[in-house]
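User: I've got this model open and want to know what sits behind some of the labels. Can you walk me through them?

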Amino acid sequence: QLELVESGGVLVQPGGSLGLSCAASESALSYAIGWFRQVPGKEREAVSCIASNGDRLNYLESPKGRFTISRNNAANTVSLQMDSLKSEDSGVYYCAARTSPSDLRSWCPSDPRLGFGSWGQGTQVTISS
């Protein structure tokens, strides 16, 4: 089973930049990978997704133009570059692979509530001065 591990979460000042990484235990070449975030007391929300062919789908309006998802299939990693960070970007960031249905796992779902499995443990991002 595909296992994912996030890293890169730290304390950053508002306006700063941060890069998160999601490393896969085996080849993630055929999977779409999504980034999600959650703050205490709120539901987890989908941020963006990248298909196996590199097509991107952004789910949130707020980070558009500030967050960029990318993947390095040779290294089995998916990154989330976050720029111009705001306090409301704080939270635990998770990556997940689309695992169902299996014949669509390479593509980002239009509804991010469906199809993602193999979640990582999360990495804490705190934006504060």
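Predicted model: local features only at pLDDT ≥ 70, side-chain atom pairs only at ≥ 80, totals over all residues.

User: What makes a space a cavity?

Analyst: On a 1 Å grid over the protein atoms alone, a cavity is a set of points where a 1.4 Å probe fits but cannot get out, and lining residues have an atom within 4 Å of a point. By this rule there is one cavity of 30 Å³ or more. Its lining consists of Ala28, Leu29, Arg71, Asn72, Asn73, Asn76, Thr77 and Val78. S7 and strand S8 (77-82) are the elements that give two or more residues to that lining.

User: Why is Ser52 called buried?

Analyst: Buried means under 20% relative accessible area (1.4 Å probe, protein chains only), with exposed over 50% and partly exposed in between. Ser52 has 18%, so Ser52 counts as buried.

User: Which residues is Ser52 in contact with, leaving aside neighbours within four places in sequence?

Analyst: Contact means heavy atoms within 4.5 Å. For Ser52 the partners are Leu29, Ser30, Tyr31, Ala32, Arg71, Asn73 and Ser106. Ser52 itself is in the loop between strand S5 (45-50) and strand S6 (56-58).

Methods. Residues numbered from 1 in each chain as written. Heavy atoms only, no water. Helix = DSSP H or I, 4+ residues; strand = E, 2+ residues; numbered from the N terminus. 1 Å grid on protein atoms, 1.4 Å probe; cavity = no way out; pocket = protein on both sides within 12 Å on 5 of 7 lines; lining within 4 Å. Points joined across faces, edges and corners; volume = space filled by probe spheres on them.
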